[in-house]
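Thank you all for coming. I would like to take a few minutes on one model, and I ask you to keep it on the screen while I talk.

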Amino acid sequence: MSLEKILSKVETAKKDSGRQNDKINVIAVSKVQPIARIKKVLNEGHRLFGENRVQESLEKWPKLIDEYGKIELHLVGSLQTNKVKDAMNLFDVIHSIDREKLIVKISNEAQNLGFCPDLFIQVNTGNETQKAGVKKEEVTKLLDLAKLHSLPIIGLMCLPPINELPSDHFKILNRIAKEHNLQRVSMGMSNDFEDAIKFGATDIRIGSAIFGPRE
């Protein structure tokens, strides 16, 4: 599926959901994709991309930014504390804040650097033991800590369990976001972004549907 078709489907989903005037950020997730495929999407004019790993991103995006100019980069994968400084210097938005130690580290680096990317808190809506993200019942505690450190939390993110209906988890995430007056909700990927838009997604993360299967 091409970028053009994805954007068309987004507009249709917005219309069907009564959200015609809402902005939906389509994050083209380019992890482990060949540079040629990324450049194809860049040449189509898209400037919003997502990556899962800091090191991989450092190896390719500075050169692409030099070539193409301003690109908005989102880190959508887990962030290790030893990669925080590199992540903050490269990414405009980080979607995977999920523990107190990470908040403290980001706060310290923000003071040193004089700036901080926008942040999403990742919520483990299915309470899966093997998956990153804060438990639903601990969101308030993490948000309060982030506020104490004056960090720019702009929304919530989730990855629904693969064996459950994604829509059930989209509802949960949107509800929690509204409870905390957060405006952004990062949810929905290649196979379920239309449902995510129906349930309030503002940021959708599309990989293979734009770039094709990962090599």
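I will go through a helix contact, an aromatic pair and a pocket.

This is a predicted model, in which local features need pLDDT of at least 70 and side-chain atom pairs count only at pLDDT 80 or more, while totals for chains, interfaces and linings use all residues. Residues are numbered from 1 along each chain as its sequence is written, and side-chain values use heavy atoms, with hydrogens and water left out.

Helix α2, residues 35-43, and helix α3, residues 54-68, have axes (lines fitted to C-alpha atoms over the stretch in contact) that come within 12 Å and cross at roughly 35 degrees. The contact, meaning heavy atoms within 4.5 Å, is made by I35, I38, K39, L42 and N43 of α2 together with K60, W61, L64, E67 and Y68 of α3. By class, these residues divide into six nonpolar, one polar and three charged.

W61 also forms an aromatic pair with F49, at 5.0 Å centre to centre and with 50 degrees between the planes, which makes the pair tilted; ring centres must lie within 6.5 Å, and planes under 30 degrees apart count as stacked, over 60 as edge-to-face and the rest as tilted. Because F49 lies in strand β2, residues 48-51, and W61 in helix α3, the pair ties together parts that are 12 residues apart in sequence.

Finally, the largest pocket has a volume of about 290 Å³, where a pocket is an open set of points on a 1 Å grid, fitting a 1.4 Å probe, with protein on both sides within 12 Å along at least five of seven lines, and lining residues have an atom within 4 Å of a point. Its lining has 13 residues, of which K31, L159, M189, R205 and R214 lie nearest the centre of the pocket.

Definitions and conventions
Axes are lines fitted to C-alpha atoms, for helices over the stretch in contact, and angles run from 0 to 180 degrees between N-to-C directions. Helices (H or I, at least four residues) and strands (E, at least two) are DSSP runs, numbered from the N terminus. Ala, Val, Leu, Ile, Met, Phe, Trp, Tyr, Cys and Pro count as nonpolar, Asp, Glu, Lys and Arg as charged, and the others, Gly among them, as polar. Grid points are joined across faces, edges and corners, and a volume is the space filled by probe spheres set on the points. Rings of Phe, Tyr and Trp (its six-membered ring) pair if their centres lie within 6.5 Å; planes under 30 degrees apart count as stacked, over 60 as edge-to-face and the rest as tilted.
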